[in-house]
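Please keep the sequence and the structure in view while reading.

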Amino acid sequence: QVQLVESGGGLVQPGGSLSLSCVASGFTFSSAAMSWYRQAPGKQRELVATITSGGGANYDEFAKGRFLISRDNAKNTVYLQMNSLKPEDTAVYYCKAQFRRFTRNLTYWGQGTQVTVSS
């Protein structure tokens with residue numbers, strides 16, 4: 001059974017930092033592409049960053065220079081370090097796993113963790 005469990009969200013002041021974690025189980029983590037998405041109230045879910053099984057990372061424009069995605073295959077965990085946070089970064093942040101099992105491409109989501117940036 002695939003599980004993705006996010007943690008690390010909370011309330012932070014503008015300019016502050018947060019580190020999110022997503023612990024995965026039920027699949028071969030090292031072979032999966034892992035992503036962070038976010039969804040603000042009244043808005044569509046949007047991609048924040050992706051890290052491939054080989055460790056290559058891509059970021060949406062708003063995240064470049066402020067956010068850092070990383071992974072620890074020994075711990076089955078993907079991280080999102082967020083710096084210089086702004087009120088517009090307030091959203092529920094979701095972890096997503098994409099991998100291939102036999103002939104199928106599969107996608108799974110975590111339950112999300114709330115990040116609130118406010119003074």
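How many aromatic pairs does the count come to? In this predicted model, the count comes to 6 aromatic pairs. One of them joins Phe27 and Phe99, whose ring centres lie 4.6 Å apart with an angle of 5° between the planes, so the pair is stacked. Because Phe27 belongs to the loop between strand 3 (18–25) and strand 4 (33–39) while Phe99 belongs to strand 9, this pair ties together parts that are 72 residues apart in sequence. Phe27 and Phe99 are both buried. Phe99 also forms a stacked aromatic pair with Tyr108, at 5.7 Å centre to centre and 10° between the planes. Of these two partners, Phe99 counts as buried because its relative accessibility is 8%, whereas Tyr108, at 30%, counts as partly exposed. Ring pairs link Phe27, Phe29, Phe99 and Tyr108 into a cluster.

| Arginine | Ring | Distance to ring centre |
|---|---|---|
| Arg38 | Phe62 | 3.7 Å |
| Arg45 | Tyr94 | 3.7 Å |

Cys95 is placed in strand 9 (residues 91–101), and it counts as buried because its relative accessibility is 0%. Leaving aside residues up to four places away in sequence, the residues that Cys95 touches include Cys22, Trp36, Tyr108 and Trp109. Between Cys95 and Leu47 the C-alpha to C-alpha distance is 10 Å, although the two are 48 residues apart in sequence.

Definitions and conventions:
Residues numbered from 1 in each chain as written. Predicted model: local features only at pLDDT ≥ 70, side-chain atom pairs only at ≥ 80, totals over all residues. Heavy atoms only, no water. Helix = DSSP H or I, 4+ residues; strand = E, 2+ residues; numbered from the N terminus. Buried < 20%, exposed > 50% of the residue type's maximum accessible area, 1.4 Å probe, protein only. Contact = heavy atoms within 4.5 Å. Phe/Tyr/Trp six-rings, centres within 6.5 Å; stacked < 30°, edge-to-face > 60°. Lys NZ or Arg CZ within 6 Å of the ring centre and 35° of its normal.
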